[in-house]
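Biologist: I would like to learn how to read a structure like this one. Could we take it feature by feature?

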Amino acid sequence: MSNPVLDLIARTRIIAIVRLPALEDAVALSRALLDGGVRVFEFTLTTPGATEAITQVSHRLPEVAAGAAAVGVGSVLTPEDAHSAIDAGATFVVSPVFKPDVVDVCALRQTPIFPGAYSPTEIEAAWTAGAAAVKVFPIRGLGPGYIKDIREPMPFLKLVPTGGIDASNIAIYLKAGAFAVGVGGALVDRDIVARRDWAALTARARALVDACPAI
């Protein structure tokens, strides 16, 4: 069955990972990313106020209500955190690891889950358990060839490599077969956000979008 959030990610292929010391500017930050063409945001639970930020962005950005953008939650490690974030408005859930009980909650709540995995065995196990896609993390030390190698015997997998991806290498990962990519500090730069330099953040988002190969 088609899922509108997965369909959006399949079209846009970039998940902006927001991991910051604070989120008082969550709506302005998200607007700046939207203006640059990035339409999917992941607010990590390692950031204070993440669930509140999810609610604010969900309610105050009309693009989210219309399905033209999506906000999700990252760094989820427990079923309780998954429930709380979904209650707050998260429309997808990301974890750095594969936790079957978190996958089960997301199935119950009909919310796409991207558990983290590293080895081929872990990736296949997460997929079989019900992952909508698998976050391949950390990809930095493996490179895009790893995505290609994993998908050759298992082409059905939807993989989301995360860690060390930026405008200089995003096209290589997508051409290697990634379903989408997660991009953190290379996009949502802490100094830029601290200065509230939203034009600079929009420019970074636009550069990342422009670097994506055509579908």
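**Reading the model**

Modeller: R13 is found in the loop between α1 (4-12) and β1. Keep in mind that this is a predicted model.

Biologist: What is the phi of R13, and is R13 buried or exposed?

Modeller: Phi of R13 is near 70°, a positive value in a residue other than glycine. R13 has 12% relative accessibility and therefore counts as buried, the cut-off being under 20%.

Biologist: Which loop holds S75, and what is its phi?

Modeller: S75 sits in the loop between β3 (70-74) and α5 (79-88). The phi of S75 is near 60°, again a positive value in a residue other than glycine. With a relative accessible area of 14%, S75 is buried.

Biologist: Let us step back to the whole chain. How many helices and strands does the protein have?

Modeller: There are 11 helices and 9 strands in the protein. The radius of gyration is 16 Å, close to the 17 Å that the globule rule gives for 215 residues, so the protein is as compact as a globular protein of that length. Along the principal axes, the C-alpha atoms fill a box of roughly 45 × 35 × 30 Å.

Biologist: Now a single helix. Why do residues three or four places apart point the same way in an α-helix?

Modeller: An α-helix has 3.6 residues a turn, so residues at that spacing point the same way. The case to look at here is α2, residues 26-35, which is mostly covered: 7 of its 10 residues are buried. The buried residues of α2 are A26, V27, L29, S30, A32, L33 and L34.

Biologist: What covers the buried residues of α2?

Modeller: The cover includes the strands β1 (14-18) and β2 (40-44). It also includes the helices α3 (50-60), α4 (62-65), α10 (190-195) and α11 (198-211). After α2 comes G37, whose phi is positive, near 100°.

Biologist: Peptide bonds next. Which one is cis, and where is its proline?

Modeller: The peptide bond from F137 to P138 is cis, with omega near -5°. P138 is in the loop between β7 (134-136) and α8 (144-151).

Biologist: What describes a pair of aromatic rings?

Modeller: The distance of the centres and the angle of the planes describe such a pair. A search of the whole structure finds 2 aromatic pairs. One of them is formed by W127 and F156: the rings are 6.3 Å apart centre to centre, with 45° between the planes, and the pair is tilted.

Biologist: Where do W127 and F156 lie?

Modeller: W127 lies in helix α7 (residues 120-129) and F156 in the loop between α8 and β8 (159-161), so the pair ties together parts that are 29 residues apart in sequence. W127 is partly exposed at 22% relative accessibility, and F156 is partly exposed with a relative accessible area of 44%.

Biologist: What does A132 touch?

Modeller: Not counting residues up to four places away in sequence, A132 touches L6, P112, I113, F114, W127 and K158. A132 belongs to the loop between α7 and β7, and is buried with a relative accessible area of 15%. The C-alpha atoms of A132 and V209 are separated by 23 Å, and these residues are 77 apart along the chain.

Biologist: Which helix holds I170, and is I170 buried or exposed?

Modeller: I170 is in helix α9 (residues 170-175), and at 0% relative accessibility I170 counts as buried. Leaving aside neighbours within four places in sequence, I170 is in contact with I14, I165, V181, L208, A211 and C212. The C-alpha atoms of I170 and A200, 30 residues apart along the chain, are separated by 19 Å.

Methods: Residues numbered from 1 in each chain as written. Predicted model: local features only at pLDDT ≥ 70, side-chain atom pairs only at ≥ 80, totals over all residues. Heavy atoms only, no water. Helix = DSSP H or I, 4+ residues; strand = E, 2+ residues; numbered from the N terminus. Rg over C-alpha atoms; globule rule 2.2 N^0.38 Å. Buried < 20%, exposed > 50% of the residue type's maximum accessible area, 1.4 Å probe, protein only. Contact = heavy atoms within 4.5 Å. Phe/Tyr/Trp six-rings, centres within 6.5 Å; stacked < 30°, edge-to-face > 60°.
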